[in-house]
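Below are my comments on the entry you sent. Please read them beside the sequence and the coordinates.

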Amino acid sequence: MIEELKRVLEKCGVEYAEIRVEEREGTAIYYSGKELEIAERKRSFGGCIRTFHKGGWGFVTFNKLKDLEDWLHRSERQAKTMKRESGLAPVKPVRDKVRLSLPDDPRKVPLEEKHELVRKYNQIVMGHEKIQTTRVGYEDTFIRRYYVNTEGTEIVEERVYSGVRMVATAVDGTNVQISFDSVGGTQGWNSVLGLEDVAERVCKEAVEMLKAEPVDAGVYTVVVDPQLAGVFAHEAFGHLSEADHIYENERIREIMKLGTRFGVDELSIVDDGTIKGERGYYPYDDEGVPSRRTYLIKNGILVGRLHSRETAYKMGEEPTGNARAINFAYPPIVRMSCTFIEPGDKTFEELTDIERGIYAIGAYGGQTELEMFTFSARRGYLIEKGKITKLLKNVVLTGNVFETLRNIDAIGNDLKLYGGLGGCGKGGQFPLPVSDGAPHIRIRNVVIGGK
Amino acid sequence: MVERIIDELKKKGVKGEAFYASSRMNVVKFQDDKLHSIEEKEISGVGVRVIKDGKVGFASTNKEEEWKEVVEEAIGVASLGKPAKFEFPGKSKLPELSLYDENVLKIEVEEAVEKGNEIIERIKERVKDLKISVDIKFGEHEISLGNTEGFRGNYTKTVHSLFGSGFGLVAGSFLSVYKGSGSTRVKWMVDELVKEIIEKRELAENTIEIETGEYDVILSPEAVFLTLTRALLSPLNGKTVMKGASPLCGKLGEKILSDKITLIDDPLLPDALATRPFDDEGVVCRPKAFYEKGVLKNYYLDLESAHALGLEPTGNGMRNYDELPSPGYTTIILEGGERGIDEIIRDTEKGILVCGVLGGGQSNVLAGDFSVNLALAFLIEKGELRGRVKNAMFGGNLYQLQPNLRELSREVQDVYGHMRFPYMVFERVKVAGKA
């Protein structure tokens with residue numbers, strides 16, 4: 001395959017060209033309530049050619065691997081239509097073959113065994129009379145990717161994602177409450193075994209939430225659990241560190257000036273694509289650049305950001321290996337990998353030792369518009385005189401990310417990373433496998449929406 | 001391809017269907033005032049669903065030469081598949097729709113580049129501090145569906161869409177304004193887009209922090225879309241109803257919402273992006289009311305959920321080629337009211353006009369909960385827009401809010417070619433501020 005692609009690139013008539021071809025195959029098994037809902041096998045195949053000429057990009061994608069030269073020339077014409085100034089930061093060409101060699105490759109596990117696992121977890125999630133329905137499933141995706149460019153980089157890489165997702169819906173009259181969790185990564189079949197405790201928790205939490213009271217709207221001190229804090233690190237701050245947001249806009253560039261203080265000394269936020277087994281792990285990005293560990297905030301100071309080769313060129317910085325595409329049908333854009341807040345030294349008891357506040361747990365979802373964010377916690381508790389008391393629902397946090405980062409006043413010592421089966425969306429590309437995480441953190445003056 | 005697969009299924013003596021989808025699309029993107037990328041995509045694939053020994057199996061591929069293997073795989077996974085509680089529909093007479101505009105395919109990439117540049121220049125003449133992004137898409141989708149019970153159908157639909165946004169630091173805080181359109185015909189809504197972005201930017205000049213309290217909240221059509229669509233529509237999903245997870249289970253014919261609410265699903269609306277003669281399972285499409293004067297009339301159903309609920313399929317089975325069908329909606333229309341929006345604003349003593357929100361659809365939408373940050377909203381005092389409201393949240397429950405629904409505007413506007421909504425006016429509802 002690589003040789004065939006290289007031959008096509010020999011016909012390249014512009015400054016730079018790359019070809020990416022991907023083969024995928026996967027399994028999905030989902031239960032919904034008592035019944036098996038989905039049992040399916042998916043295969044997909046396709047490629048793309050991206051060309052660069054005098055600052056302009058061309059991009060074509062296809063799933064029939066014939067007439068590649070014709071596609072190359074179409075892409076070149078697009079690149080020539082664009083008249084703009086840009087460039088690509090230099091990187092060392094890479095020649096590598098990363099073959100998958102997991103002792104417990106999910107592809108070797110029989111379909112029936114996967115089915116049995118899902119059935120077992122589903123039984124546990126359904127384990128209460130108030131659970132009206134569930135959605136419990138397993139998915140795996142194997143990817144083989146071929147990448148060549150006109151600078152001599154040639155990579156064949158294999159990867160396999162696997163994970164489970166569990167959702168419980170509890171109903172009492174018109175009161176409907178949902179609880180969920182998802183576990184998974186790139187470390188193989190073992191990672192989805194032994195999750196009975198997770199299934200039990202998902203069931204129990206949905207039922208408990210039926211009795212939760214809506215939170216009173218207002219301004220609170222909030223202790224945020226590792227999962228929600230991870231979503232905050234990714235959504236609210238991580239996206240601001242993506243250099244494509246920054247490079248054209250002078251004002252944002254001013255705010256995101258390296259060296260600016262963003263929080264207390266204990267606050268450090270990292271993006272690290274090199275953590276094997278994580279869902280956000282990858283050896284090379286979709287421009288053939290090796291992944292790496294990049295500090296975004298170190299000891300409270302903004303020290304770095306995430307780059308593609310183009311944004312690195314434009315800002316005169318080094319590429320960080322963060323140009324990623326969800327699949328062959330999309331060009332790479334600047335994305336995160338595994339983004340997390342580094343642990344501090346506080347225990348959970350020290351964090352919750354406050355007069356009055358809210359303990360916010362898990363994330364329904366989050367949305368940001370640069371400085372502004374809103375996050376819905378899955379559940380919350382009132383904290384009164386250092387004690388965790390009443391169970392709360394509809395806990396939605398909103399605010400300005402820069403104020404909120406400054407208002408983080410204590411960081412726990414209990415870092416956890418989350419991958420699962422979810423992903424990140426940006427520029428119409430969803431879901432991209434990422435991980436995020438944090439220890440427990442405490443934030444002062446957070447606006448909580450509610451009744 | 002579809003024919004060959006059906007022949008193969010018949011030969012093997014299993015009931016089944018083949019769903020083929022193909023798309024060719026050009027995408028021209030401008031970012032931060034400049035041409036950012038030009039892309040061309042051509043993707044196709046086929047999904048095979050079978051019923052073998054009373055159980056469902058499914059497999060898909062986009063490598064056409066693998067179609068035989070995919071038939072085998074679908075039959076293979078059927079052994080552990082769920083029981084098939086539906087029948088594939090047979091042959092039927094399909095509505096004739098005009099979905100194809102050859103002018104869409106005549107658009108040249110250079111022309112799209114010119115339009116984008118024109119939009120950016122016209123906005124920048126008036127507004128210097130916003131960075132403008134524009135997305136232009138044009139191309140065609142082809143759907144071909146057949147099953148062993150005699151249904152055959154195919155259509156090719158052209159699509160053209162335009163989306164523009166302005167983003168920047170205005171009066172000390174980030175502002176994001178946007179406008180979009182979509183159609184099966186060529187539709188350059190350049191004037192509307194330019195006007196919207198300039199107007200909103202000019203209104204944002206003054207920002208105001210408001211106190212927590214009761215306000216009349218006016219949601220623009222776009223804000224209705226972002227804030228309430230999921231709370232309105234998720235509980236009507238046949239699959240959710242079938243599982244008993246919707247609070248609207250067993251409530252057909254009951255009065256649920258204010259009698260001001262008539263909500264329609266119209267798959268035959270001319271030029272709309274979701275318009276189609278048949279759904280992705282071969283059921284003929286027809287318009288239907290979800291709510292008529294607040295009374296629940298229909299859920300949206302695929303074959304399976306219709307069968308489980310003992311109802312007729314509504315023609316709302318939707319899918320990509322690589323997934324099993326599930327219930328989905330087409331173009332949603334909320335009927336308007338009596339008065340125009342200008343008059344409504346003039347008569348508002350103390351209110352907030354909400355044009356953009358953050359966080360829509362993230363709360364417990366099934367229960368009707370919503371909670372949004374007012375990302376782009378304006379304070380109204382004594383009938384006049386005073387300035388942009390900052391750091392405020394609006395939340396509540398769709399069902400509990402019905403008594404507060406005072407009126408809907410006469411104007412019913414297209415939101416991205418997917419929905420048609422009026423302005424919705426809720427009186428005296430709580431908004432959380434930070435002042």
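Predicted model: local features only at pLDDT ≥ 70, side-chain atom pairs only at ≥ 80, totals over all residues.

1. Shape of α6(B). Helix α6 of chain B covers residues 221-233, 13 residues in total. Its end C-alpha atoms are only 16 Å apart, whereas a straight helix at 1.5 Å a residue would reach 18 Å. A bend of about 50° in α6(B) is found at B:Thr227.

2. Surroundings of α6(B). The helix is largely enclosed by the rest of the structure, because 11 of its 13 residues are buried. B:Thr227 is one of these buried residues, and so are B:Glu222 and B:Phe225. The buried residues of α6(B) pack against strands of chain B, namely β8 (213-219), β9 (263-265), β15 (350-358), β16 (369-381), β19 (405-415) and β20 (419-432).

3. Contact between the chains. Chain A contributes 59 residues to the contact and chain B contributes 56. On the chain B side, the elements supplying at least two residues each include β2 (34-52), α2 (67-77), α4 (109-126) and β16. The largest share of that side is the 10 residues from β2(B). By residue class, the side of chain B that touches chain A holds 20 nonpolar, 20 polar and 16 charged residues.

4. Strand pairing across the contact. Strand β3 of chain A (residues 56-62) runs parallel to β2(B), and 5 bridges join the two. Which residue of β2(B) is the bridge partner of A:Phe62? The partner is B:Glu42.

How values were computed
Residues numbered from 1 in each chain as written. Chains lettered and ligands numbered in written order. Helix = DSSP H or I, 4+ residues; strand = E, 2+ residues; numbered from the N terminus. Expected span 1.5 Å × (residues − 1). Bend = angle between axes of the 7 residues up to and from the residue. Buried ≥ 20, exposed ≤ 12 C-beta atoms within 10 Å, placed from the backbone. Contact = placed C-beta atoms within 7 Å. Nonpolar A, V, L, I, M, F, W, Y, C, P; charged D, E, K, R; others polar. Pairing = 2+ DSSP bridges.
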